[in-house]
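The tour below goes stop by stop.

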Amino acid sequence: SWQVISRLLKEKKTSIRQLSLMENVSYGWTHRTIKTLMQQNIVKQDNNHVSISDMNKLLNGIAWERPLSNLKIAEIRIKFDEAAIAAKEITAAFGPQDDLSLGFTSYTAASLYTGYGVRHDAMYLYMRTEHLGYFRELFESSSQKGVLAVIYQPDRKIFQNTQEREGIRIVSPAQTLLDLAGMGYSAMDMTKQMVSCYDTV
């Protein structure tokens, strides 16, 4: 469903068939997703084209349906004072091994996509639970100082579409937006910033 919705956000206005083709999602599922959103007055139809009519309602719905906090597996203080430097070091440490999948999300990824509002005191990333020990061994701080790493367990195929920007491995724009929306009101400014430039990232 999110593949269809995020494509509609990118295209702004298109047909259900085009959404289905562009995302390689069955026409039946695409149609059902859009019709459900129309019933909730989130999407409107104009002849053969559909578009999002109530962005706030869509974002609030995501926050309710998939709160990102439900996926949190750890908060770890790490030996860095600067989130961007830490993210580069962590990317490098996890980089070469295919089985050590990792992807930064939320504010960390959105700031790289939008150039807006970098958070220096915390960073947000996906990692499999079995790699937490390795992560702690390399980066955990013995004091209460340092950047806070908020770590989430993936609930979908997140690592397939990661990309590297400025030496930091980040999740796709669609995943970043889904995660920001899933943070609810606290991340609303960044979520709206991401929406406003979504068709260009």
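Which residue follows helix 1, and what is its phi? Select Lys 12: this residue comes after helix 1 and has a positive phi, near 70 degrees. Bear in mind throughout that this is a predicted model.

**Stop 1: helix 1**

Now select residues 2-11, which make up helix 1. Seven of its ten residues are buried, so helix 1 is largely enclosed by the rest of the structure. Colour the buried ones: Trp 2, Val 4, Ile 5, Ser 6, Arg 7, Leu 8 and Leu 9. Keep Val 4 displayed, as it is one of the contacts of Thr 30.

**Stop 2: Thr 30**

Go to Thr 30, in helix 3 (residues 27-39). Is this residue buried or exposed? Thr 30 counts as buried because its relative accessibility is 0%, and the cut-off for buried is under 20%. Show what surrounds it. Beyond its neighbours within four places in sequence, Thr 30 contacts Val 4, Ile 16, Leu 19, Ser 20 and Val 25.

**Stop 3**

Select strand 1 (13-15), strand 2 (43-46) and strand 3 (residues 49-52). In what order do the three strands lie? They form an open sheet in the order 1-3-2, with antiparallel pairing. Strand 1 and strand 2 are the edge strands, each pairing on one side only. From one strand to the next, the twist averages 35 degrees.

Zoom in on strand 2 and strand 3. Four bridges join these antiparallel strands. Gln 45 faces Val 50 of strand 3, and Asp 46 stands opposite His 49 in that strand. Then look at the hairpin's turn. Two residues lie between the strands, and Asn 47 takes a positive phi near 55 degrees.

Helix 2 lies across strand 1 and strand 3. Its direction is at about 90 degrees to strand 1.

**Stop 3: the largest nonpolar core**

How many residues are in the largest nonpolar core? There are 68. Select the members that touch the most other members: Ile 78, Ile 90, Phe 104, Met 123, Leu 125, Phe 135 and Ile 151. Strand 6 gives the most to this core, with six residues.

Centre on Ile 78. Setting aside residues up to four places away in sequence, Ile 78 touches Ala 86, Ile 90, Met 123, Phe 135, Phe 139, Glu 140, Ser 141, Lys 145, Gly 146, Val 147 and Ala 149.

**Stop 4: helix 6 against helix 9**

Two packed helices are described by the angle between their axes and the distance between the axes. Select helix 6 (106-114) and helix 9 (residues 188-196). They pack at an angle of about 40 degrees, with axes 10 Å apart. That makes helix 6 oblique to helix 9. Their crossing is left-handed.

Which residues make the contact? Show Tyr 107, Ala 110, Ser 111, Tyr 113 and Thr 114 on helix 6. On helix 9, show Met 190, Gln 193 and Met 194.

**Stop 5: Gly 115**

Finish at Gly 115, in the loop between helix 6 and strand 6 (122-127). Gly 115 is exposed because its relative accessible area is 69%, and exposed means over 50%.

Technical notes. Residues numbered from 1 in each chain as written. Predicted model: local features only at pLDDT ≥ 70, side-chain atom pairs only at ≥ 80, totals over all residues. Heavy atoms only, no water. Buried < 20%, exposed > 50% of the residue type's maximum accessible area, 1.4 Å probe, protein only. Contact = heavy atoms within 4.5 Å. Pairing = 2+ DSSP bridges. Axes fitted to C-alpha atoms, helices over the stretch in contact; angles between N-to-C directions. Core = buried A, V, L, I, M, F, W, Y, C linked by side-chain atoms within 4.5 Å. Parallel < 35°, antiparallel > 145°, perpendicular 65-115°, else oblique. Left-handed = near helix turned anticlockwise from the far one by under 90°.
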